[in-house]
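Subject: Structure handover

Hello,

Here is the structure I promised to pass on. Please open it alongside this note, which says what turned up.

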Amino acid sequence: MTDVAAALLNETLLAGKGAMLIDGKWVEAQSGETLDVFDPATGEVIAQVAAAGAADVDRAVAAARRAFDGGRWSRLTPAERGRLIWRLADLVERDAAKFARLDCLDNGKPLKMAEGDIGAAIEGLRYMAGWATKLAGTVNPLSQRGGAFHSFTAREPVGVAALIVPWNFPLLMAAGKLGPALAAGCAVVLKSAEQTPLSALMLGELVLEAGFPAGAVNILSGLGETAGAAMAAHAQVDKVSFTGSTAVGREVARAATGNMKRVSLELGGKSPVIVMADADVAAAVRGAANAIFYNQGQVCTAGSRLYVHRSLYDRVVGGVVERAAAIKVGPGLEPASEMGPLVSDAQMARVLGYVESGRADGAELLVGGGRIGNRGYFVQPTVLAGVRPQMAVVQEEIFGPVLVVEAFDEDNLGTMAALANATDFGLAASVWSRDTAKALKLAEKIRAGAVWVNCHGIYDPALPFGGYGQSGWGRESGEDGVLAFTERKSVTVRI
């Protein structure tokens, strides 16, 4: 372990802890098993954390159940819940620099990106804190029974929520699920990704400092196939919110059918970037490059399919290739780094395997395509041309810095919409054109949960986020994200 890593872990009280937050206390896994945590910039082990099993999930769910059913959490007023969430945001802001460095060390992303993630997490918590006092029902005049009845609806928390977060935005995703669940009044069990558990555990320290009742927030570290599977199938869990791959999302959905728990799934994507004939070339080049190479391409909305009108193809693709070749790839903690390593050895092998698959299928490598060095999990920014629609690199989510590019000839909405929709995914898309009206008409035809015009990857806690088709069920963020953790009840009184 480097001196920088050791100093950071000691500073954040995580070195050697190997424990999880259950019922307001730090506890080890009942099995005593641990997981190694790696620095993706070096491949070295930097920490060990508890490996939760089914017995630990039982403990955490029981603690959440007591906090909810016994009233320790559920009887707090909405204003009290909102103040606690806001207090947690304040504490994260106080320790923002530590969180950023920790996610940078654990995930590999450049420090500036990690700092942006932490800022977004703070603002997301504050936004959701406001919702705690704004969940209201409605008065509903009956359509068939006249004035003999008074009917109204109420919003109630669904109960115990299991939150399973991915590794690409460790703290941001943890906060993004905690905020709405707690605002709705749910007690929660959160499992971090096994690759990036450190910032979630540090967040547990702040949960205690903020004064949340014991059991309201429980935080586990462990493998998806053990702890995650146990959470999804648990009979005392009322809701599961999962972000990750489509393949695992299907398993979560199947596991949830035992007690018909509510399910939200934010899954994969293969998002198109469509550059029309009248696009601003310089803006499109910047936008397309950032859409795929930001966060090492490890983004569910990454613009991994670039379609350019043939009249602009050479200029746009040439510009993206030039930018890819110029990206400074290095450890996230180095100030000059613009792109860090992939999160793990397995992810690096997956991404490079797709590149080789594309080349074997006849794709032309324009830039990149290989590993950088032999230490850490660094992959070159990569662009593949000459692809065909049926290729795996065009249809499947790679989750790395790999872009496929194609030209199109017909500058009409039908052609462009068909290109955008030629995938089982439907998470996001971006359209680049000086003709805003035409771009908006195309946006109407694209089957995706988010469509950006002359920009890509613009998120806000007020906006719902989720996808069509294989990209998942439900929406996160905004009002939709809070309501996903509630049940709606109707009450009718004879008067």
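Start with Ser192, which lies in the loop between strand S7 (187–191) and helix H7 (residues 198–210). Helices (H or I, at least four residues) and strands (E, at least two) are DSSP runs, numbered from the N terminus.

Before going on, a word on the source. This is a predicted model, where local features need pLDDT of at least 70 and side-chain atom pairs count only at pLDDT 80 or more, while totals for chains, interfaces and linings use all residues. Residues are numbered from 1 along each chain as its sequence is written, and side-chain values use heavy atoms, with hydrogens and water left out.

Is Ser192 buried or exposed? Ser192 is buried, at 1% relative accessible area. Buried means under 20% relative accessible area, exposed over 50%, and partly exposed in between (1.4 Å probe, protein chains only). Not counting residues up to four places away in sequence, Ser192 touches Val165, Pro197, Ala200, Leu220, Ser221 and Gly222. Contact here means heavy atoms within 4.5 Å.

H7 itself is mostly covered, with 11 of its 13 residues buried. Among them are Leu198, Met202, Glu205 and Ala210. The end C-alpha atoms of H7 are 19 Å apart, which agrees with the 18 Å that its 13 residues should span at 1.5 Å a residue. The expected span of a helix is 1.5 Å times one less than its number of residues. Just after H7, Gly211 takes a positive phi of about 100°.

H5 and H6

Next, look at helix H5 (residues 111–131) and helix H6 (residues 170–184). Their axes come within 8 Å and cross at roughly 5°. Axes are lines fitted to C-alpha atoms, for helices over the stretch in contact, and angles run from 0 to 180 degrees between N-to-C directions. H5 and H6 are therefore roughly parallel to each other. The cut-offs: under 35 degrees is roughly parallel, over 145 roughly antiparallel, 65 to 115 roughly perpendicular, and the rest oblique.

On the H5 side, residues making the contact include Ile118, Leu125 and Trp131. On the H6 side they include Leu172, Ala175 and Pro180.

H5 has 21 residues and reaches 31 Å from its first C-alpha to its last, close to the 30 Å expected. Its buried residues pack against helix H3 (78–94), helix H4 (96–107), H6 and helix H16 (478–483). Met113, Arg126 and Trp131 are among the buried residues of H5.

Three loop residues

Val329 sits in the loop between helix H11 (310–326) and helix H12 (345–360). Val329 is buried, with a relative accessible area of 17%. Leaving aside neighbours within four places in sequence, its contacts are Met339, Gly340, Ile372, Phe378 and Pro381.

Asp23 lies between strand S1 (20–22) and strand S2 (25–27), in their loop. Its phi is near 55°, a positive value in a residue other than glycine.

Asn454 is in the loop between strand S18 (450–453) and strand S19 (468–469). Its phi is also positive, about 60°, although Asn454 is not a glycine. Asn454 counts as partly exposed, at 37% relative accessibility.

The whole chain

The chain has 16 helices and 21 strands. Its C-alpha trace spans about 70 × 65 × 40 Å along its principal axes. Of its 495 residues, 55% count as buried. Among contacts between residues at least 6 apart in sequence, 73% join residues at least 24 apart.

Over to you.
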